[in-house]
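Come along and check each entry against the view.

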Amino acid sequence: MSWPTLQSETNFANDHLAVVTEEVRTPTRVKRWTTVRRKRAVVVAAFTAENRIVLVQQERIPVRTAVWEMPAGQIDEEEDEPAVVARRELLEETGYELAAGGEMIPLGDLFSSPGFTDERQFLFVARPVSRQAEKANGEEAIVDCREFTADEITRMIAENTIRDANTLSVWARLRARKLID
């Protein structure tokens, strides 16, 4: 069910996002709200044949630090298939791709922060993956790429080393589906 937009004003827009103030009729009221519109995105939990998970450490300007996270990326308008984008982002950010006989398994989707953005993320497991390239794409701000065990990632989450919502969300979905111990 769609809630009708009564009024809309674009405050800012670029290739990655738009800030829009709208008046919307919900089932219970009319509400004026400012929303950050973002492209759809993918997040990939990449498992090697040895059941290790590939993470990248990427510089993130908004939080002024390098963050450990699962590979992720936006879906361009002309790209309709999230699984294809997930494969591309995995290779670009990590140098890994699906090994022979590997599969890209959809884990569903989520809204990254529905209080201020409409961004919808599609979650995937890629297994098994193997390293194909020595270096990730130079356009990314990736400073490290490593394989971790599930226990290491659990410890990194507990110690607040992993703070990326994408990675935490995929980790919760993996646990809920009993795809990791």
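**Entry 1: the hairpins at the start**

I began with Phe12, which stands opposite Val19 in E2. A reminder to myself before going on: this is a predicted model.

Next I looked up how the strands around this pair are joined. E1 and E2 run antiparallel, with seven bridges between them. The two form a hairpin, and three residues lie between them. Further along this pairing I found Gln7, whose bridge partner in E2 is Glu23.

I then followed E2, residues 17–25, to its other partner. Nine bridges join E2 to E3, again in antiparallel fashion. Thr21 is the residue I noted here, standing opposite Thr34 in E3. The link from E2 to E3 is a hairpin through four residues.

Which order do the strands of this sheet take? I wrote down E1-E2-E3: an open sheet of three strands, paired antiparallel. Strand E1 (5–13) and strand E3 (30–38) are at the edges and have a single partner strand each, so one side of each has no neighbour in the sheet. From one strand to the next, the twist averages 20 degrees.

**Entry 2: Glu22**

I stayed in strand E2 to look up Glu22, which is found there. Is Glu22 buried or exposed? Its relative accessibility is 9%, and the cut-off for buried is under 20%, so Glu22 counts as buried.

What does the side chain of Glu22 make a polar contact with? I found the side chain of Arg37, at 2.6 Å. I also listed the residues in contact with Glu22, leaving aside neighbours within four places in sequence. They are Thr5, Gln7, Ser8, Lys31, Arg32, Trp33, Thr35 and Arg37. Gln7 was already in my notes as the bridge partner of Glu23.

**Entry 3: stepping back to the whole chain**

I took a wider look before going further. The chain has three helices and 10 strands. Reading from the N terminus, I wrote the elements down as β-β-β-β-β-β-β-α-β-β-β-α-α.

Along its principal axes, the C-alpha trace spans about 55 × 35 × 35 Å. How many of the 181 residues count as buried? I noted 38% of them. I also checked contacts between residues at least 6 apart in sequence: 58% of these join residues at least 24 apart.

**Entry 4: Ala66**

I picked Ala66 next, which lies in strand E6, residues 65–69. Its relative accessible area is 30%, so Ala66 is partly exposed.

I wanted its place relative to my starting residue. Ala66 and Phe12 are 54 residues apart in sequence, and their C-alpha atoms are 27 Å apart in space. Where are the contacts of Ala66, neighbours within four places in sequence left aside? I found them at Gln57, Gln58, Glu59 and Val143.

**Entry 5: helix H1**

I moved on to helix H1, residues 82–94. At 1.5 Å a residue, its 13 residues should span 18 Å, and the end C-alpha atoms are 18 Å apart, which agrees.

Which residues of H1 are buried? My list reads Pro82, Val85, Ala86, Glu89, Leu90, Glu93 and Thr94. Seen down the axis of H1, these buried residues fall within an arc of 140 degrees, so they line one face of the helix.

I then looked for what covers them. The cover includes strand E4 (41–48), strand E5 (53–60), strand E7 (72–74), strand E8 (96–111), strand E9 (120–131) and strand E10 (142–148).

**Entry 6: helix H3**

My last stop was helix H3, residues 165–176. H3 has 12 residues and reaches 16 Å from its first C-alpha to its last, close to the 16 Å expected at 1.5 Å a residue.

The buried residues of H3 are Asn166, Thr167, Val170, Trp171 and Leu174. Why are they on the same side of H3? They cover an arc of only 130 degrees around the axis, which puts them there, on the same side of H3.

Conventions: Residues are numbered from 1 along each chain as its sequence is written. This is a predicted model: local features need pLDDT of at least 70, side-chain atom pairs count only at pLDDT 80 or more; totals for chains, interfaces and linings use all residues. Side-chain values use heavy atoms; hydrogens and water are left out. Two strands pair if DSSP finds at least two bridges between them. Axes are lines fitted to C-alpha atoms, for helices over the stretch in contact, and angles run from 0 to 180 degrees between N-to-C directions. The expected span of a helix is 1.5 Å times one less than its number of residues. Buried means under 20% relative accessible area, exposed over 50%, partly exposed in between (1.4 Å probe, protein chains only). The arc is that of the directions from the helix axis to the C-beta atoms. A polar contact is a pair of N or O atoms within 3.5 Å; within protein, one must be able to donate a hydrogen and the other to accept it, and residues adjacent in sequence count only if both atoms are side-chain atoms. Contact means heavy atoms within 4.5 Å.
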